[in-house]
Amino acid sequence: MENLRESHMQQRVGRRVVLFPSPLQGHITPMLQLGNILYSKGISITIIHFNSPITAKYPHFTFHLIPIDLMEHEAATADVIDLFLLLNVNCIEPFKDCLVSLLANVEEEPITCVITDAVWYFTQPVAESLKLPRIVLRTSSVCSFLAFAAFPLLHEKGILPIQDSQFELSIPELQPLKVKDLPVIETRNPDALNQLISGMVSQTKASSGIIWNSFEELEQTALTKFRQDFPIPAFPIGPFHKYFLASSSSLLSADQSSISWLDKQAPKSVIYVSFGSLAAVNEAEFLEIAWGLANCNQPFLWVVRPGSIRGSEWIELLPNGFLEILGGRGHIVKWAPQQEVLAHPATGGFWTHNGWNSTLESICEGVPMICQPSFGDQRVNARYVDKVWRVGVHLENKMERGEIERAIRKVFVEAEGLELRERTMVLKEKADNSLKQGVSSSQALDSLIRCISSF
Ligand code: UDX
């Protein structure tokens with residue numbers, strides 16, 4: 001891991017790439033990390049964005065705003081799927097205009113390609129119309145992408161739309177997934193979801209290559225299948241966050257009391273609980289989590305994002321004196337410095353929604369997981385954590401205090417926990433190793449740089 005400052009000294013290679021992230025936290029973070037990785041190889045970076053507050057933290061990048069009022073769009077759409085469908089239409093003109101003016105700017109290095117989030121499928125024809133190659137960044141796992149790509153087949157076979165009676169049915173084409181693990185996203189408009197996924201998959205196939213925040217040793221089988229089905233160059237160069245000392249792309253400010261509180265806890269004793277930037281629970285589920293944690297006897301650090309409990313502002317539903325009764329055994333924050341928390345010696349387990357960033361961050365610190373997926377790719381990631389990598393316990397979506405207590409005990413007290421921990425450490429070492437010179441991710445990065453330089 002190197003300090004990004006050192007890479008400022010790196011000679012520029014006279015090439016510039018334009019990055020266009022999706023505005024969600026779980027997508028913007030890996031795109032900015034990728035920007036830093038490419039920058040460290042001498043490539044200059046321009047970011048096209050809506051109105052992100054992170055620009056000040058990246059003075060070495062050039063930012064261009066496109067005139068789309070995200071808040072207005074959010075308010076006008078029923079849900080996130082509708083929003084993305086609409087943005088894939090409404091961004092065409094402003095994105096193209098922005099690219100045209102960037103291409104005309106002779107004061108900067110020539111632009112060799114665009115790298116856009118897989119959800120921005122509209123950027124493929126735009127890039128083609130300007131004769132610019134487009135490389136896709138897919139910010140989640142390869143295994144979940146393959147599940148999305150199988151949607152037409154699953155529709156044909158009558159597996160989609162999901163019927164409750166088929167929940168436990170295995171899907172031979174997507175082993176070890178069951179129907180309940182399919183990456184569906186609740187939406188008022190299922191057609192919109194199918195359209196979004198089909199756009200993402202077909203325009204990925206049409207692209208000049210794909211970058212994965214994953215590594216060969218973790219997803220070898222899925223990558224082999226991907227390469228068979230998608231005849232484009234694939235660059236698994238992850239885990240991105242391990243290239244440099246933590247640089248923040250957090251849209252919320254992290255509560256540093258998380259670390260001072262962890263400093264007072266015994267090694268490997270704390271269960272860290274966080275469900276990422278989007279997942280929400282209802283009031284009853286929130287109370288089950290609270291009592292599960294209270295009853296489990298392990299110290300806990302719990303991130304309760306304001307707005308993540310439907311119907312409540314924050315933690316006002318907790319009984320009076322809840323934390324006081326526990327005598328300091330629990331600490332609740334609105335947002336934590338997650339990478340630091342996972343790397344802290346006191347952290348012994350991570351109860352997570354299995355967003356891909358969280359999953360990778362946990363693996364990279366050797367922290368076993370308790371899996372509580374909420375929607376989309378999280379379900380696939382969780383099943384892989386449980387059945388393929390065997391570094392976590394799946395809660396099977398039950399938010400019930402007894403279940404929660406048992407899962408925490410399994411990780412911290414029972415022999416199974418020790419085995420989980422050992423396997424996670426083996427994966428952590430593989431992740432560290434993949435970034436060493438001449439090993440898989442580092443080699444894939446060399447190929448990516450060669451590819452960008454060849455355009
Ligand atoms: C979204 C989707 O929900 C997820 O399924 C997909 O894989 C990526 O996009 P999100 O739900 O936010 O992401 O989860 P995740 O991918 O885990 O990303 C969350 C990021 O926020 C992580 O990098 C994590 O370190 C950070 N985080 C989270 C904090 O810094 N502090 C916190 O308190 C919680």
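**Reading the model**

Tutor: Start with asparagine 354, which sits in the loop between strand E11 (347-352) and H15. Keep in mind that this is a predicted model.

Student: Is asparagine 354 buried or exposed?

Tutor: Buried means under 20% relative accessible area. Asparagine 354 has 0%, so it is buried.

Student: Which loop holds arginine 390, and what is its phi?

Tutor: Arginine 390 is in the loop between H16 and strand E13 (392-394). Its phi is positive too, about 50°, although arginine 390 is not a glycine. The relative accessibility of arginine 390 is 42%, so it counts as partly exposed.

Student: Next, peptide bonds. Which residues does a cis peptide bond join?

Tutor: In general, most peptide bonds are trans. Proline 176 belongs to the loop between H8 and H9. Another cis bond joins glycine 238 and proline 239, with omega about 0°. Proline 239 is in the loop between strand E7 (234-236) and helix H11 (257-263).

Student: Where is aspartate 181, and which side chain does it contact?

Tutor: Look in the loop between helix H8 (151-156) and helix H9 (190-205). Aspartate 181 is buried, because its relative accessible area is 2% and the cut-off is under 20%. Its side chain makes a polar contact of 2.8 Å with the side chain of arginine 383.

Student: How far apart are alanine 343 and glutamate 365, in sequence and in space?

Tutor: Check both separations. They are 22 residues apart in sequence and 5.6 Å apart in space, C-alpha to C-alpha. Alanine 343 is part of helix H14 (residues 338-343). With a relative accessible area of 45%, alanine 343 is partly exposed.

Student: Now the ligand. How many residues surround it, and which are closest?

Tutor: Count residues with a heavy atom within 4 Å. The ligand has 21 residues around it, and the closest are Ser277, Ala336, Ser358, Glu361 and Asp377. By class, this shell holds 7 nonpolar, 12 polar and 2 charged residues.

Student: Which polar side-chain atoms lie by an oxygen atom of the ligand?

Tutor: For glutamine 338, a polar side-chain atom is 3.3 Å from a ligand oxygen. For asparagine 357, a side-chain N or O atom is 2.8 Å from a ligand oxygen. For serine 358, the distance from a polar side-chain atom to a ligand oxygen is 2.5 Å. Taken alone, the ligand exposes 660 Å², and the protein buries 95% of that.

Student: Which elements give two or more residues to the shell?

Tutor: They are helix H2 (25-40), strand E8 (270-274), helix H15 (356-364) and helix H16 (377-388). H15 gives the most, with 4 residues.

Student: Last, the whole chain. What is its radius of gyration?

Tutor: Compare with a compact globule. For 455 residues that would be near 23 Å; the chain has 22 Å, which agrees. Buried residues make up 58% of the chain. Its secondary structure comes to 19 helices and 13 strands.

Conventions
Residues numbered from 1 in each chain as written. Predicted model: local features only at pLDDT ≥ 70, side-chain atom pairs only at ≥ 80, totals over all residues. Heavy atoms only, no water. Polar contact = N/O pair within 3.5 Å; in protein donor to acceptor, adjacent residues only side chain to side chain. Areas by Shrake-Rupley, 256 points an atom, 1.4 Å probe, with all protein chains shown as cover. Nonpolar A, V, L, I, M, F, W, Y, C, P; charged D, E, K, R; others polar. Rg over C-alpha atoms; globule rule 2.2 N^0.38 Å. Buried < 20%, exposed > 50% of the residue type's maximum accessible area, 1.4 Å probe, protein only.
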